[in-house]
Amino acid sequence: MEKDLVNEEIVALSTIDKVLCLQTVDVFKHATTEMLSYIGSIAHELDASKGQVIFSEGDMADAMYVVVTGRVRLEKAGQEILTVTSGQSCGTWALFDDQPRVMTATAIENVHLMKIRSDEFYDLLSDHGEITRVVFRAVIERVNHLLGD
Amino acid sequence: MRSPDPFVEKVFDVRRPELRRVLIMSTYLLLIIAAYSTVKAVRDSLFVTKIGPEQLPYVYLLIAGAMGVVSLAYTRAVNRIGLHRLIRTTSLIAISNLLLFWLGFRSNSVIWFYALYVWASIFGAITASQFWLLATHLFDAREARRVYSWIGVGGILGGVLGGALTNVVAHSLGTEALLIVCAGMMASTLVLLERLPDRKDPPPHPQEENAEGALFRQVRGSRYLTMMVLLLGVALIVEAFIDYQYKFVAKGSIASKDHLTAFFGSVTFYVGIASLLFQVLMTNRILKRFGVGWAILLLPSALLASLLTLAAWPSLWTAAALQLVDGAFSYSIHRSGMELLYLPIPPQTRNAIKGFIDMFVDRSGRAAGALLLLLLTVGLALSTSSLSLIAAGFVVAWIAMAVVVQKEYVLSFKHAVEKRTIEPEAFQLRKSDGATLKTLRGLLSSEDERQVLYALDLLSAANPRSWRGSINLLIQHPSRAVRARTIAALASWNDPAITRKEFTHHPDLETARIAAASALRLNWKDLPKERQLLNSLLYDSSPVVVREAIATAGIVGYRASWPLLIDKLADKSLRREARQAILKFDHALIPELVYRLSDNREPLAVRKRIPKTLALTGKQEAADALLQNLHRLDHHLDYLVLKALSKMRAASAEIRMDQDLVNAAIQQESDQYDRLRAIRAWLEVNPVDEKLSGLLMRALDEQARHRLERIVRLVALIHFPHDIYSVYCTCESRPALRPAAIEFLDNVLEAGLKEAVVPLLEEAFDPAMARQVRHPVQVLSLESALAPLLAGDDPWLKVIATELQKRDGEGFGERGNCRVINYR
């Protein structure tokens, strides 16, 4: 289980700000803005300072992160794979699979993040079947795309 | 934001991309009709003066025979050389033939009069058929509905022009000179055709060896096509009667050849004027408001009245009036309506079918008409009045067929839409055989708890007799879940085994309570101690016990459990059982459910589950209550009410919805839709904050689409839901089939509803039209744009609007003056 990056939860974003940020996240691309507001309501805000590890390879995955501001480096076995910037997400598969993390995420600069815990996400899905449908659609598209590649 | 040609679009209902095609096709039709009506007057005048009207039935027979030869060549030529080339070739042949006739009449041989009569009929049939064939490829079903009537105006003006020219030229230059005028008009069509924007030929389809036979079988195999053939056949017989009577009476009244030509020209002119007035003032309105059905009924109805008048008072004027009525409707509404009948036929076969029907039916109908006339005039020597009465009898049959064809037309669209509807897959469960049961019984003694539970799940569908031998083993099973599932499986069959002490006095107290809750239903006598026990079990701390107690409460009809049952609808783990128990109370619980649905103090989690529960009752009373609550609850709850109504309507055709209430709801939704679109349009022109405006516009789009879905659901409440949802799904996912889907809807909705829904669907799925606003909604400022959202019932739009208002108050910075838009 990953530990929280800060002791106190920050509340800096309004619902609208969260929606504006979430609407660029690939897995939520078919969600309506109202659905995004529901997803935003379960998103916790966190800060990580430059160099801080957000999650490490091998950690049990229990949440996904959306970068609000700043940049996050994703690396595997010491090799950089990707840099995640504002409006992008990392650790998305944690929502669908509780296997250990396959990459390490480190803040390249001070970052502000939204964290969506998988257990809370599933609670949300059970109350909002319509969100389940659009998330599944995005995941299937993603899988098809990967298979195509 | 504004339509590029608002005047043309508003007045003529012709859209910019269609304008060029409409103008060219109208002019093309004008020229061929002018040429045809002119040559027809020449032919008629020359024939009746030189040969005599008594010979008309024979020449009708000649025409029918000649049509047979031409139709064979024509159907093959369409596929072989392409439509555009065929039209050009036909025009060139017509020009050369007209010149040949002009020269031939100098010889004064009777053969030329017969030849011209037959030739003119073939010329008229081929050019008109080619024209409408071309038109059906240039315009889709929706375009056709709007523009055909305007194209038809060209044809009517052609009749007026032809009639006027005939009158003038016959008096001044003589009848034969008109043939040169006709050749000139046909030459003009060649130039015009080159200017058509899309000159690609429709894709050819392989010509079968026995194509005519195949077409004949296809027509016979389709009730719709068969009825069309019969209708056209009867119409042709009537036409032969009218033509004969008109010419017979005219020749009896006017002796001079040129005067007779001029008279025919005058009648053609007045027919054109009458057609024009009807086409401009009535055709489009009738087609849009009443559809094809009325359009094809008007001509026979008017003919019936005219024929009866001629039968009563036979004279030149009543005969001319009959001709006037025939021409006025034939060239306006009737022609447009008949051409629309071809639209449900797939484009791949439309060419051949149309050619076949036009030619085969034409020759058969003419031949039948000619033979009947021969029998009645030569054989029985009947008078004009008697012929009129017989023709009136045929018209009555025509009217009956038109009614049937209209119904078949609607069905054809329905089938076209349905064929492309993905239907849910059906699954079939295999019946359990002995070997399967034995395997499952074996699994009951497995040490793996999951395997035992799985086997119990499957066996619960079979009578416990088949696994009774395992019950003792299962009671003693170490897993509480297995014991509970065993009790549930036995209880679902009301098996008395659950009353055994091994169950009710099980050392594990929860198992004992589960068994007690189940056992109560077997011997329920409504005694105080039973009620007391059931009450305690309904409020047990174990959800498994409560689940069984709820089931018992439903089965024994324990009314005191109602509040708890409704409360438990909010509990995910017990919702299913609570719903099933509620449904056992039938009508009795409906008023209570409705009361709690509309009670604002009730937890939302409970209220949200009530509409579906009411729907599952399947009772008219529940449907009435849901409909009464429509638009009275909050935004999300209201949608659940509508979904519940949809569910009820889809589940049972017996459920009736109050049409007035539904229509009022549709109007309300439509107004909301327009308002959302207007605000969105305003924001697009006046973006106040890039991100926030963008978000609001997206939310408005989503909400407008949601409103559209609600409108479709409402329409489905008062029509066949499957049809309506098929249309909606087709519009959403299959743009190519959209015109056909909307056309179908256009034919099944009544006038008022059609006017509200059809344009909305057309606009919603057309990207070009989606940017327009339908109704006059005036948005002058950000404040007035946001006001309806702030006062509205949609909490999410309210949140964004509030934020936008807040930021506006703080000042967005530079945004200049807002433009004021007066939407039409």
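**Values against cut-offs**

Tutor: Let's start with B:His631, which lies in the loop between α28 (620–629) and α29 (635–651) of chain B. Keep in mind that this is a predicted model.

Student: Over to the rings. How do you know that B:Phe131 and B:Trp132 are edge-to-face?

Tutor: Their centres are 5.0 Å apart, and a pair needs centres within 6.5 Å. The planes are at 90°; anything over 60 degrees counts as edge-to-face, so that's the label.

Student: Why is the pair of B:Tyr244 and B:Phe248 called stacked?

Tutor: The planes are at 25° and the centres are 5.6 Å apart. Stacked requires planes under 30 degrees apart, so the pair passes. The two residues are four apart in helix α9 (residues 223–253) of chain B, which means they are separated by about one helical turn. B:Tyr244 is buried at 6%, whereas B:Phe248 is partly exposed at 33%.

Student: How many aromatic pairs turn up over all chains?

Tutor: A search of the whole structure gives 20. There's also an aromatic cluster made of B:Phe101, B:Trp112, B:Trp119 and B:Phe123.

Student: What makes you say that the charged end of A:Arg101 sits over the ring of A:Phe55?

Tutor: That end is 4.0 Å from the ring centre, and the limit is within 6 Å, along with an angle within 35 degrees of the ring normal. In chain B, B:Arg43 lies over the face of B:Tyr117, at 3.9 Å from the ring centre.

Student: Where does A:Phe55 stand in the pairing?

Tutor: Opposite A:Ala105 in β7(A). β2(A) and β7 (residues 104–107) of chain A run antiparallel and share two bridges; at least two are needed for strands to pair, so they do.

Student: What makes β2 and β5 of chain A edge strands?

Tutor: The open sheet has the order β2-β7-β4-β5, with antiparallel pairing. β2 (53–55) and β5 (79–84) each pair on one side only. The twist averages 30° from one strand to the next.

Student: Why is helix α2 of chain A called mostly covered?

Tutor: Seven of its nine residues are buried, including A:Met35, A:Leu36 and A:Ile39.

Student: Which residues have the most contacts inside the largest nonpolar core?

Tutor: B:Met25, B:Val39 and B:Ile151, in a core of 136 residues. B:Val39 touches B:Leu98, B:Trp119 and B:Phe123, among others, leaving out residues up to four places away in sequence. A second, separate core of 100 residues includes B:Ile471 and B:Val715.

Notes:
Residues numbered from 1 in each chain as written. Chains lettered and ligands numbered in written order. Predicted model: local features only at pLDDT ≥ 70, side-chain atom pairs only at ≥ 80, totals over all residues. Heavy atoms only, no water. Axes fitted to C-alpha atoms, helices over the stretch in contact; angles between N-to-C directions. Phe/Tyr/Trp six-rings, centres within 6.5 Å; stacked < 30°, edge-to-face > 60°. Buried < 20%, exposed > 50% of the residue type's maximum accessible area, 1.4 Å probe, protein only. Core = buried A, V, L, I, M, F, W, Y, C linked by side-chain atoms within 4.5 Å. Contact = heavy atoms within 4.5 Å.
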